[in-house]
Amino acid sequence: MTAPPPNAGPPNAGSWNVDVVVVGAGFAGLVAARELTRLGHDVVVFEGRDRVGGRSFTGSVAGLPADMGGTFVGPTQDAVLALAAELQIPTTQTHHDGRSIIQWRGWARPYRGTIPKLSLAGLIDIGRLRWQFERIARRIPLAAPWDARRARELDAQSLGDWLRSVRASDSSRDLLAIMARVTWGCEPDDVSMLHAARYLRAAGGLDRLLDVENGAQQDRFPGGTQQIAEAVAAELGARVVLGAPVRRIERHGAGVTVTSDRVRAEAGFVVVAVPPAHRAAIEFTPPLPKEYHDLARHWPQGRLSKAYAAYSTPFWRADGYSGQALSDEGPVFITFDLSPHADGPGILMGFVDARAFDSLPAEQRRRDALRCFASLFGNDALKPLDYVDYCWGTEQFAPGGPTAAVPPKSWTRFGRYLRRPVGPIHWAGTETADEWTGFLDGAVRSGRRAAAEVAALL
């Protein structure tokens with residue numbers, strides 16, 4: 001097979017003739033391309049953005065790497081950890097020593113552990129809900145959740161509906177609303193209970209999903225997660241074409257023709273590695289079966305933003321605080337300490353409710369985020385050395401994040417089409433993974449699975 005020079009020529013110049021085209025240079029697409037290339041197949045990756053990494057994007061604050069997208073990794077996320085180790089990209093532990101803070105109903109108090117103990121009654125209620133939630137999750141078959149014994153019943157209601165049906169207290173519902181915002185970028189009423197339960201099981205349980213120590217937030221990459229994608233892209237070299245959003249995929253007897261804004265390619269197969277909602281931006285000829293079209297409309301992305309503030313030192317540690325906090329006031333509703341060293345600089349990262357945040361002018365976003373940091377950690381938080389935020393909902397390509405917020409009645413109607421191939425078209429992306437769905441690890445696993453599917457046919 002032949003290929004043009006790397007990223008060469010004006011828009012629409014040249015064409016590729018390869019075994020496989022991969023659409024999307026996030027973790028899933030790059031891993032799929034890497035696996036197929038290692039098996040001796042000729043591959044090209046088309047990416048709409050001017051960078052690789054997808055929902056992994058490392059910016060900077062005070063001159064230090066700051067992950068604006070996917071950040072954390074933890075135990076049992078073996079696929080992404082193995083990839084990072086192979087690429088010699090180290091991890092470091094997320095700071096969690098000390099007391100956490102919860103701002104709740106107009107007052108703030110310290111706590112320890114994953115979930116704050118607001119009261120004895122609240123503790124009992126949360127314990128009851130956790131037991132019921134995890135009991136449901138254990139019975140969901142990850143590869144075919146629509147086959148669960150109560151699938152239709154669970155999928156017909158939202159997580160919010162379920163919480164009301166089991167008479168969760170107001171405090172319990174509000175705490176789980178924070179979990180929904182940081183996990184899916186949505187409110188409990190927006191996400192299917194079947195999806196929530198499957199997601200929980202795919203992560204290995206509620207503790208594994210929410211905890212820092214021994215949980216999904218235990219470790220991070222001090223140089224940022226995007227360096228993993230960049231290292232894989234460097235291996236692939238000229239076969240990663242940036243600034244080439246795919247507009248059309250045509251199936252024909254010889255395979256597919258993939259047309260982007262920049263170049264086109266003839267191939268035997270294509271792996272589409274973009275979020276399900278954004279498959280709708282591609283014209284498929286002949287049209288995909290109706291179920292696939294409906295899937296894209298019923299698998300929306302959530303919306304979540306991030307804010308970072310840098311200080312000369314992590315001053316909150318001197319008062320015995322971990323830098324982790326929960327707040328019911330917003331727009332920042334959960335924080336982490338991502339400081340590189342105990343003696344500074346100090347880095348606070350906050351997850352932000354995008355709904356009232358993304359549309360604000362930059363200076364107002366800064367004021368609102370710092371006000372939230374100060375309400376949790378004191379007025380020293382109002383005077384950072386540097387501040388930066390990132391609004392994923394405003395992205396040109398594949399806006400939204402962190403993952404799909406799957407609404408009620410979607411899994412049982414469309415879930416079986418999430419990754420079922422259509423002729424030479426195969427699907428990847430963290431939403432298609434059975435383990436660690438929605439995480440970087442799920443993206444890596446999905447890329448490997450899609451590559452194995454295509455390799456078996458090649």
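Buried here means under 20% relative accessible area, exposed over 50%, and partly exposed anything in between (1.4 Å probe, protein chains only). With that cut-off, Val 246 counts as buried at 10% relative accessibility. What you're looking at is a predicted model, where local features need pLDDT of at least 70, side-chain atom pairs count only at pLDDT 80 or more, and totals for chains, interfaces and linings use all residues. Residues are numbered from 1 along each chain as its sequence is written, and side-chain values use heavy atoms, with hydrogens and water left out.

**Overall build**

- The chain has 13 helices and 20 strands, taking helices (H or I, at least four residues) and strands (E, at least two) as DSSP runs numbered from the N terminus.
- Its radius of gyration is 22 Å, close to the 23 Å from the globule rule for 458 residues, so the chain is as compact as a globular protein of that length. That radius is taken over C-alpha atoms, and the rule is 2.2 Å times the number of residues to the power 0.38.
- Along the principal axes, the C-alpha trace spans about 65 × 50 × 40 Å.
- Of the 458 residues, 58% are buried.
- Among contacts (heavy atoms within 4.5 Å) with a separation of 6 or more, 73% are between residues 24 or more positions apart.

**Nonpolar cores**

- A nonpolar core is a set of buried Ala, Val, Leu, Ile, Met, Phe, Trp, Tyr and Cys residues joined through side-chain atoms within 4.5 Å.
- The largest one has 41 residues, and Phe 133, Leu 159, Trp 162, Trp 184 and Trp 299 have the most contacts inside it.
- Helices that each supply at least two residues of this core include α3 (120-138), α6 (170-184) and α12 (411-414). The top contributor is α7, with six residues.
- Skipping neighbours within four places in sequence, Phe 133 is in contact with Leu 159, Trp 162, Met 179, Met 193, Ala 196, Ala 197 and Leu 200.
- A second, separate core holds 38 residues, among them Val 73, Ile 228, Ala 229 and Ala 443.

**Annotated positions**

- An unreviewed UniProt entry places the feature "binding site" at Val 246 and Glu 431. UniProt positions follow the numbering used here, feature names are shortened, and annotations may be inferred rather than shown by experiment.
- Val 246 lies in strand β11 (residues 246-252). Neighbours within four places aside, Val 246 is in contact with Val 23, Phe 46, Val 258, Thr 259, Ser 260, Ala 281 and Ile 282.
- Glu 431 is found in the loop between β20 (425-427) and α13 (440-457), and is buried with a relative accessible area of 3%.
- Not counting residues up to four places away in sequence, Glu 431 touches partners including Arg 55, Pro 275, Gln 301 and Leu 418.
- The side chains of Glu 431 and Thr 403 make a polar contact (3.0 Å). Such a contact is a pair of N or O atoms within 3.5 Å; within protein, one must be able to donate a hydrogen and the other to accept it, and residues adjacent in sequence count only if both atoms are side-chain atoms.

**Glu 395**

- Glu 395 sits in the loop between β19 (386-391) and α12, and counts as buried at 15% relative accessibility.
- The Glu 395 side chain makes polar contacts with the side chains of Arg 49 (2.8 Å) and Tyr 390 (2.3 Å).
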